[in-house]
Amino acid sequence: MGRGRVLDPISPDRAEAGGAGAGADRRGGVSAGRGFAFVGHTGEVYPSGFLPESPGNVRERSVVDVYRNADRFESLRDPDGFSGKCGACEFRHVCGGSRSRAHAVTGDPTGSDPLCPYVPDGYDGPLPERQRGDDGERSEPAD
Ligand code: SF4
């Protein structure tokens, strides 16, 4: 109890400012590959424990090198390279959506977050569908 940190909400005005001013030194949203890496028991380095795509192993490469230089990690830190509605969203730099959910549902960790109901103004591209099993039941993707 009381161990977590309460994050201040980020207003749309600050989001549109692109991190200028008081929010310049902070990032919002989820953190897969952005200030975070997960090393599995076999040494594989992942952007998140929920994103099973490893660009390197600590037995062959330093975890710092993987985090800083692997293409996958770099792509997760570049919201301007996201596809789908997250890539078109004005909040992509402060939110960015869940890259793990995008991977779980679309196979592309830079795709749209399937659980976000927001659709950016003017976006008319495809919307992600939640995964459905053979029985037609919806299965929740990973966080
Ligand atoms: S579409 Fe939703 S999940 Fe994606 S960046 Fe915008 S607010 Fe975040």
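Modeller: Helices and strands here are DSSP runs, with at least four residues in H or I for a helix and at least two in E for a strand, numbered from the N terminus. On that basis the predicted model has 5 helices and 3 strands in its chain. Along the sequence the elements follow the pattern α-β-β-β-α-α-α-α.

The 3 strands form an open sheet in the order 1-2-3, and the pairing is antiparallel. Strand 1 (38-39) and strand 3 (56-57) are the edges; each has a single partner strand, so one side of each is left without a neighbour in the sheet. In general, the strands of a sheet pair through backbone hydrogen bonds, in a parallel or an antiparallel arrangement. Between strand 1 and strand 2, the latter covering residues 44-46, the antiparallel pairing runs over 2 bridges. Phe38 has Tyr46 in strand 2 as its bridge partner.

As for the rest of the chain, 31% of the 143 residues are buried. Taking contacts between residues at least 6 apart in sequence, 49% join residues at least 24 apart.

The model also holds a ligand, surrounded by Lys85, Cys86, Cys89, Phe91, Arg92, Cys95, Gly96, Gly97, Asp113, Cys116 and Tyr118. Sorted by class, this shell comprises 6 nonpolar, 2 polar and 3 charged residues. Cys counts as nonpolar and Gly as polar in that sorting.

Definitions and conventions: Residues numbered from 1 in each chain as written. Predicted model: local features only at pLDDT ≥ 70, side-chain atom pairs only at ≥ 80, totals over all residues. Pairing = 2+ DSSP bridges. Buried ≥ 20, exposed ≤ 12 C-beta atoms within 10 Å, placed from the backbone. Contact = placed C-beta atoms within 7 Å. Near = placed C-beta within 6 Å.
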